[in-house]
Amino acid sequence: MQVVYEDNHIIIVSKKSGEIVQGDKTGDEPLSEIVKKYIKEKYHKPGNVFLGVVHRLDRPVSGLVVFAKTSKALSRLNQMFRDSNVHKTYWAITKNVPKNPEGTLINWITRNEKQNKSYVYDKEVPHSKKAVLSYKLIGHTDNYSLLEIHLMTGRHHQIRCQLAHMGCPIKGDLKYGAPRSNPDGSISLLSRFVEFVHPVSKETIKATAPLPDDNLWQSIAPKH
């Protein structure tokens with residue numbers, strides 16, 4: 001865990017792939033508990049530490065996660081996420097090159113909870129939700145493309161299934177059609193930037209996740 005930004009009300013950390021944000025049936029220690037321990041030790045806090053989870057990242061995804069350190073920040077951040085006032089930018093490495101170097105994907109998604117998988121349709125079907133994202137090709141190597149992605153909606157596995165539906169599954173994402181897994185079990189999807197107005201101070205907060213410690217990420221990322 002790497003702390004990217006911290007003040008009295010919020011803390012933004014860079015999650016490694018493989019970490020879970022909140023506890024689940026695996027029983028593995030979640031990132032939320034690791035952050036609580038960090039706060040408790042750093043500030044010598046007695047008793048329980050308050051930490052609010054305002055959003056999640058899938059386990060194999062790396063990058064920025066925002067937590068609330070106060071109840072005031074939690075309620076306001078929750079509302080900001082509902083109103084799409086927190087702007088997140090993702091980077092994804094894909095094997096295939098999109099037909100168009102940039103574009104907007106509009107699909108409808110259904111979620112199968114038993115399979116923990118989402119399915120994409122070009123038209124509305126029963127129980128589907130509209131899913132919208134924009135993408136832009138921002139880097140490449142001989143074998144891979146780097147896409148920058150902005151979400152307009154927040155659906156289950158949205159980036160993963162929409163890119164796969166476009167013919168560009170994310171590197172390592174076996175669930176959505178990648179030919180092979182990454183050695184460390186990650187998928188090559190990074191929550192790279194986040195920007196929002198601070199829920200208390202009203203300052204603009206901008207944070208950037210470090211690139212994964214991986215040669216492909218280092219070579220494909222724009223150098224500016």
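**Around strand β5**

Tyrosine 90 stands opposite serine 191 in β10. This is a predicted model, where local features need pLDDT of at least 70, side-chain atom pairs count only at pLDDT 80 or more, and totals for chains, interfaces and linings use all residues. Residues are numbered from 1 along each chain as its sequence is written, and side-chain values use heavy atoms, leaving out hydrogens and water.

Let's stay with β5, which has a partner in β10: six bridges join the two, running antiparallel (strands pair if DSSP finds at least two bridges between them). Six bridges also join β5 to strand β9 (residues 145-151), again antiparallel, and here threonine 89 stands opposite histidine 150. Strands are DSSP runs of E with at least two residues, and helices runs of H or I with at least four, numbered from the N terminus. Seven of the eight residues of β5 are buried (under 20% relative accessible area; exposed is over 50%, partly exposed in between, with a 1.4 Å probe and protein chains only).

Now for the rings. Phe, Tyr and Trp rings (for Trp the six-membered one) pair if their centres lie within 6.5 Å; planes under 30 degrees apart are stacked, over 60 edge-to-face, the rest tilted. The count comes to one aromatic pair. The ring centres of tryptophan 91 and phenylalanine 193 are 5.8 Å apart with planes at 85°, so this pair is edge-to-face. Because tryptophan 91 lies in β5 (residues 87-94) and phenylalanine 193 in β10 (residues 189-197), the pair ties together parts 102 residues apart in sequence. Tryptophan 91 is buried at 5% relative accessibility, while phenylalanine 193 is partly exposed at 26%.
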